[in-house]
Amino acid sequence: MQMLKSQSKIDWYAAGLKLLNIAGPLAGVSVILFTAVVSYIETRPQKLPLQYKLTHNNQTFYLEAANKTQELEKGLKWRNNLESDRGMLFNLGREYNHVPFWMYQVKVPLDIIYLKNNVVTTIIHNAPPCMKNPCPIYYGVTATQVLELKAGASNIQVGQKLVIEPIPKKL
């Protein structure tokens, strides 16, 4: 009488190949999806809360504030439009001389207004959109803040002191 051997040994090599046949395509699809999601998120316009109000010559502008490095870098990129009473205030954190700003991937023409202690030091009027590098770089003489408004929305002039006030937070 012959005894049958039970198969208690596992063929680890075959099991590993089966696992790779399943895990490999899943990992590939995951990498592709992750890359697509990250790319989508990075190219979406940022919408920051309205934090400031600028009143100038009977005009009122409501301003988003870019304070963090990532917010400063993204700015108004990828926005399809900007309302004529809206803008963005870039808080640079300290005073800079020869301050560079550019319009890379900004889709709407802007006025770039450089401020030091709320006094206008430089204005770039009607900076055009630029979707492909190289884009022109616009320099302000000195600034602690930079204000971007829709091109032609205001009649702000160099040397004027602007009244920028925080918008009270709702309770």
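A polar contact is taken here as a pair of N or O atoms within 3.5 Å; within protein, one atom must be able to donate a hydrogen and the other to accept it, and residues adjacent in sequence count only if both atoms are side-chain atoms. The structure is a predicted model, in which local features need pLDDT of at least 70 and side-chain atom pairs count only at pLDDT 80 or more, whereas totals for chains, interfaces and linings use all residues. Residues are numbered from 1 along each chain as its sequence is written, and side-chain values use heavy atoms, with hydrogens and water left out.

The chain contains two helices and seven strands. Helices (H or I, at least four residues) and strands (E, at least two) are DSSP runs, numbered from the N terminus. Read from the N terminus, the order of the elements is α-β-β-α-β-β-β-β-β. Of the 171 residues in the chain, 33% are buried, where buried means under 20% relative accessible area, exposed over 50%, and partly exposed in between (1.4 Å probe, protein chains only). Contacts are defined by heavy atoms within 4.5 Å. Among contacts between residues at least 6 apart in sequence, 71% join residues at least 24 apart.

The accessible surface of the chain amounts to about 11,800 Å², and carbon and sulfur atoms account for 59% of it. Accessible areas come from the Shrake-Rupley method with a 1.4 Å probe; for residues, only the protein chains shown count as cover. Y13, L17 and L20 make a nonpolar surface patch of about 360 Å². Patches are made of residues with over 30% relative accessible area and no salt bridge; like charges are joined within 9 Å, and nonpolar side chains (Val, Leu, Ile, Met, Phe, Trp, Tyr) within 5 Å. L17 belongs to helix α1, which spans residues 12-42. With a relative accessibility of 39%, L17 counts as partly exposed.

Three salt bridges are found in a search of the whole structure, a salt bridge being a side-chain nitrogen of Lys or Arg within 4 Å of a carboxyl oxygen of Asp or Glu. In one of them, E64 pairs with R79, and the closest N and O atoms are 2.7 Å apart. This pair links distant parts of the chain, 15 residues apart: E64 is in strand β2 (residues 59-66), while R79 is in the loop between α2 (69-74) and β3 (86-102). Both E64 and R79 are buried.

The relative accessibility of E64 is 6%, so E64 counts as buried. The side chains of E64 and R79 are joined by a polar contact of 2.7 Å. A polar atom of the E64 side chain also lies 2.9 Å from the backbone nitrogen of L48. With neighbours within four places in sequence left aside, E64 is in contact with Q46, K47, L48, P49, L50, R79, G87, M88 and L89.

Another salt bridge is formed by K116 and E95, with the closest N and O atoms 3.3 Å apart. K116 is in strand β4 (residues 110-116) and E95 in strand β3, so this pair ties together parts that are 21 residues apart in sequence. K116 is partly exposed, at a relative accessible area of 28%, and E95 is likewise partly exposed, at 36%. A salt bridge also forms between R86 and D85, where the closest N and O atoms are 3.5 Å apart. R86 has a relative accessible area of 27% and is therefore partly exposed; D85, at 27% relative accessibility, counts as partly exposed.

L149 is located in strand β6, residues 137-150. Its relative accessible area is 0%, so L149 is buried. Apart from neighbours within four places in sequence, the residues in contact with L149 are F61, L63, L82, R86, G87, P109, L110, D111, I113, S154 and I156. The C-alpha atom of L149 is separated by 10.0 Å from that of V108, which is 41 residues away along the chain.

A disulfide is a covalent bond between the sulfur atoms of two cysteines. The criterion applied was a pair of cysteine sulfur atoms within 2.5 Å, and by this rule the count is one disulfide. This disulfide joins C130 to C135, with an S to S distance of 2.0 Å. The torsion about the S-S bond of C130 and C135 is about -90°, so the disulfide is left-handed. C130 and C135 are both buried.
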